[in-house]
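Welcome! Keep the sequence and the 3D view at hand as you read.

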Amino acid sequence: MNDHYDVLIIGGGPGGAMAGKAVAEAGLSCCIIEKRPAIGTPVRCAEGVGQEIYDFIDLDPKWVSARIQSAELVAPNGQVIELSSEMAGNEVGYVLDRKMFDRELIWRAANAGSDVYVKTRAVDAIVEDGAVKGARVEYAGEIRNISAKIVIAADGVESKFARWCGIDTTVPMNELETCVQYLMTDIDIDSSVNVFYLGNEMAPEGYVWIFPKGERTANVGIGISGKKCKDGSRPKDYLDRFVQEKFPKGKIIELIVGGVSACRPLRSTVANGLMIVGDAARVSDPLTGGGIINAMYTGKLAGEVAAECIKEGNLTAAVLKKYDTIWRESAMGKGIERNYQIKEIMIRLSDQKMDSILSSVQKMDLEVIGTKEIVRELIKYNPWLLKEMSNLKKILG
Ligand SMILES: Cc1cc2nc3c(=O)[nH]c(=O)nc-3n(C[C@H](O)[C@H](O)[C@H](O)COP(=O)(O)OP(=O)(O)OC[C@H]3O[C@@H](n4cnc5c(N)ncnc54)[C@H](O)[C@@H]3O)c2cc1C
């Protein structure tokens with residue numbers, strides 16, 4: 001490990017790997033450090049991605065566990081709404097094998113020329129004269145200082161690096177979805193359909209998901225608002241009740257826990273000498289919790305902008321802000337804001353109102369209309385929704 005790099009990246013998930021590849025491809029020196037002993041494990045993810053993954057990478061069957069053709073929403077009253085691939089958008093596509101997928105992304109960064117160190121943890125930021133200059137790193141039992149022209153914080157939802165640099169990264173408890181997931185086998189499922197169960201009894205301010213991993217095997221998980229967790233009502237309690245009812249004979253072969261932010265992104269994702277990407281920047285989708293593609297997009301963009309700014313010799317927040325502005329104005333940035341507002345409405349709905357909304361979704365011709373039309377149609381069938389929407393204009397565009 002060198003003592004100095006053009007760019008030091010904290011975290012070897014999809015955000016860090018894409019950033020590392022972009023920096024190395026621009027001909028600059030780059031190092032990705034990952035605190036875990038192996039890239040890609042343990043998997044803390046349901047592994048679902050939409051078709052737009054192809055904007056970043058051609059999928060190889062080796063990293064795909066299942067191809068998803070449609071999605072089903074199950075309303076609190078049990079009615080099932082089928083969403084075709086055109087309508088379901090991000091909810092159809094693929095269920096990845098992230099152990100393989102994350103490794104492939106890191107291999108690509110390494111092949112482009114980036115150094116990669118596992119079991120190497122950032123323990124503090126080096127900040128001098130108001131600018132980030134590197135990180136203190138625990139590597140092979142020693143603490144050492146690694147300096148860098150730019151540090152990219154890609155350290156995921158548990159991110160501490162940006163906080164060490166003085167940025168407020170707090171996720172309010174009510175906007176942190178706490179999740180538990182089982183990898184289950186020997187269960188009766190349709191291996192081409194993602195299923196989502198909604199309702200305050202089922203998963204308060206969240207949902208239960210079944211994402212197939214192949215024949216008779218699936219990620220079965222739940223996310224609920226952190227503020228709804230209490231004794232007897234922890235995510236695992238809800239999930240165990242669900243599993244007992246739906247898959248009493250299924251076998252649990254893996255258990256993971258994790259958090260997903262459902263808040264707005266950080267106010268600023270840059271500072272002098274610092275860029276923040278992926279879950280660390282809180283750019284996962286506040287409605288669905290999906291963050292793989294958003295991490296890949298922001299990671300790649302941050303890497304490209306970092307390389308440009310280093311070549312120009314200006315590393316101030318004012319110049320790095322180009323990265324922040326581009327992603328906020330992108331379809332991803334606008335989608336996050338829209339889905340944040342939709343989520344704010346959804347979490348206030350009673351089960352009865354949710355049933356009413358989902359029942360009207362079933363009446364629509366979902367093959368031919370887009371998001372704005374859907375919102376208009378929903379209001380036609382559920383005029384009370386208007387009152388719930390404080391910022392309707394923004395959603396309708
Ligand atoms: C239960 C669950 C289900 C999910 N399901 C989906 C889904 O179906 N689809 C989807 O798109 N998204 C899903 N997500 C979200 C998705 O996993 C994340 O959005 C995505 O992994 C973000 O990528 P990232 O690179 O920003 O962060 P991560 O993938 O979290 O990578 C960050 C890395 O940084 C490392 N790190 C942290 N601190 C340090 C440090 N100090 N020093 C060195 N390394 C450090 C971590 O070990 C980690 O490997 C889910 C999340 C959870 C918890």
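This is a predicted model: local features need pLDDT of at least 70, side-chain atom pairs count only at pLDDT 80 or more; totals for chains, interfaces and linings use all residues.

## A first look

The protein chain is divided into domain 1 (4–44 + 99–171 + 264–329), domain 2 (56–96 + 172–261) and domain 3 (337–396).

**Backbone spots worth a visit**

- Ala140 sits in the loop between strand 10 (131–139) and strand 11 (142–153).
- Although Ala140 is not a glycine, its phi is positive, at about 50 degrees.
- Asp186 also has a positive phi, of about 65 degrees, and is not a glycine.
- You will find Asp186 in the loop that runs between strand 12 (176–185) and strand 13 (193–197).
- Asp186 counts as exposed, because it has 11 C-beta neighbours inside 10 Å.
- A cis peptide bond leads from Thr41 to Pro42, with omega near -10 degrees.
- Pro42 belongs to the loop between strand 2 (30–33) and strand 3 (48–49).
- Most peptide bonds are trans, and most residues other than glycine have a negative phi.

**Trp164 and its surroundings**

- Trp164 is part of helix 4, which covers residues 161–164.
- Apart from neighbours within four places in sequence, Trp164 is in contact with Asp124 and Ala125.
- Val132 is 32 residues away from Trp164 along the chain, and the C-alpha atoms of the two are separated by 9.9 Å.

- Three strands make an open sheet in the order 3-7-4, with antiparallel pairing.
- Strand 3 and strand 4 (64–68) stand at the edges with a single partner strand each, so one side of each has no neighbour in the sheet.
- Four bridges link strand 4 to strand 7 (residues 93–96) in the antiparallel sense.
- Val64 faces Leu96, which is in strand 7.

- Seven strands form another open sheet, in the order 6-5-13-14-15-12-16, and here the pairing is mixed.
- Strand 6 (80–83) and strand 16 are the edge strands, each pairing on one side only.
- From one strand to the next, the twist averages 20 degrees.
- Strand 5 (residues 70–74) and strand 13 run parallel and are joined by five bridges.
- Glu72 stands opposite Val195, a residue of strand 13.
- Helix 5 (residues 235–246) lies across strand 12, strand 14 (207–214) and strand 15 (217–225).
- The direction of helix 5 is at about 140 degrees to strand 15.

**Where domain 1 meets domain 2**

- The C-alpha centres of domain 1 and domain 2 are 29 Å apart.
- Across this boundary, 17 residues of domain 1 are in contact with 15 residues of domain 2.
- On the domain 1 side, helix 3 (98–112) and helix 6 are the elements that give two or more residues.
- Helix 3 gives the most to that side, with three residues.
- The domain 1 side divides into seven nonpolar, five polar and five charged residues.

**Around the ligand**

- Which residues come nearest to the ligand? Of the 39 residues around the ligand, they are Gly11, Gly13, Gly156, Gly278 and Gly291.
- Elements that give two or more residues to this shell include helix 1 (14–25), strand 3, strand 9 (120–128) and strand 12. Strand 16 (251–261) and helix 6 (292–312) are also among them.
- By type, the residues of the shell divide into 13 nonpolar, 16 polar and 10 charged.
- Domain 1 and domain 2 each supply at least three residues to the shell around the ligand.

Notes:
Residues are numbered from 1 along each chain as its sequence is written. Two residues are in contact if their C-beta atoms, placed from the backbone, lie within 7 Å. A residue is buried if 20 or more other C-beta atoms lie within 10 Å of its own, exposed if 12 or fewer, and partly exposed in between; C-beta atoms are placed from the backbone. A residue is near a molecule or strand if its C-beta atom, placed from the backbone, lies within 6 Å of it. Ala, Val, Leu, Ile, Met, Phe, Trp, Tyr, Cys and Pro count as nonpolar, Asp, Glu, Lys and Arg as charged, and the others, Gly among them, as polar. Domain bounds come from an automatic or database domain assignment. Two strands pair if DSSP finds at least two bridges between them. Axes are lines fitted to C-alpha atoms, for helices over the stretch in contact, and angles run from 0 to 180 degrees between N-to-C directions.
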